[in-house]
Amino acid sequence: GCTEAKFKPVKWHGETLEIAINEHSYNLNCSDMENLSVQLHPASRGAVYYKHGKQVVVKIIDYEYERLTVFIEDCPSFQITEDEAAILDDLILSLIAEKEYRV
């Protein structure tokens, strides 16, 4: 099983989140993370127009349909499973909420 630990460390640098995924570090602002979250969710994958932030595309390109490839504008692509996508989506949404509602 996959856990949130796969996507650590997570650090905020002002308005930018640094998250490590598959040995690569990604620096994303809230708009970028919202775009990623939308694409990680199967129901909205590929059906979104971006107004702000980096473009994100999530595709199933392996023959067994087991792994998703995530493409984020100006960043290295990475592969995850559907279960990992759900965990990453939950993590992103909680980080966005934490940032927005921090008192």
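Tutor: Let us begin at the start of α1, where a side-chain oxygen of asparagine 29 comes within 3.0 Å of the backbone nitrogen of serine 31. This is a predicted model, in which local features need pLDDT of at least 70 and side-chain atom pairs count only at pLDDT 80 or more, while totals for chains, interfaces and linings use all residues. Residues are numbered from 1 along each chain as its sequence is written, and side-chain values use heavy atoms, with hydrogens and water left out.

Student: How many residues of α1 are buried?

Tutor: Buried means under 20% relative accessible area, exposed means over 50%, and partly exposed lies in between (1.4 Å probe, protein chains only). Helices (H or I, at least four residues) and strands (E, at least two) are DSSP runs, numbered from the N terminus. In α1, 8 of the 11 residues are buried, among them Met33, Leu36 and Leu40. Cysteine 30 has 17% relative accessibility and therefore counts as buried.

Student: How many disulfides does a search of the whole structure find?

Tutor: A disulfide is a pair of cysteine sulfur atoms within 2.5 Å. The search finds 0 disulfides. For cysteine 30, the nearest cysteine sulfur is that of cysteine 75, 15 Å away.

Student: Which side chains meet in a salt bridge?

Tutor: A salt bridge is a side-chain nitrogen of Lys or Arg within 4 Å of a carboxyl oxygen of Asp or Glu. Here the side chains of arginine 45 and glutamate 82 form one, at 3.1 Å from N to O. Arginine 45 lies in the loop between α1 (30–40) and β4 (56–60) and glutamate 82 in helix α2 (residues 82–101), so the pair ties together parts 37 residues apart in sequence. With 33% relative accessibility, glutamate 82 is partly exposed.

Terms used
Polar contact = N/O pair within 3.5 Å; in protein donor to acceptor, adjacent residues only side chain to side chain.
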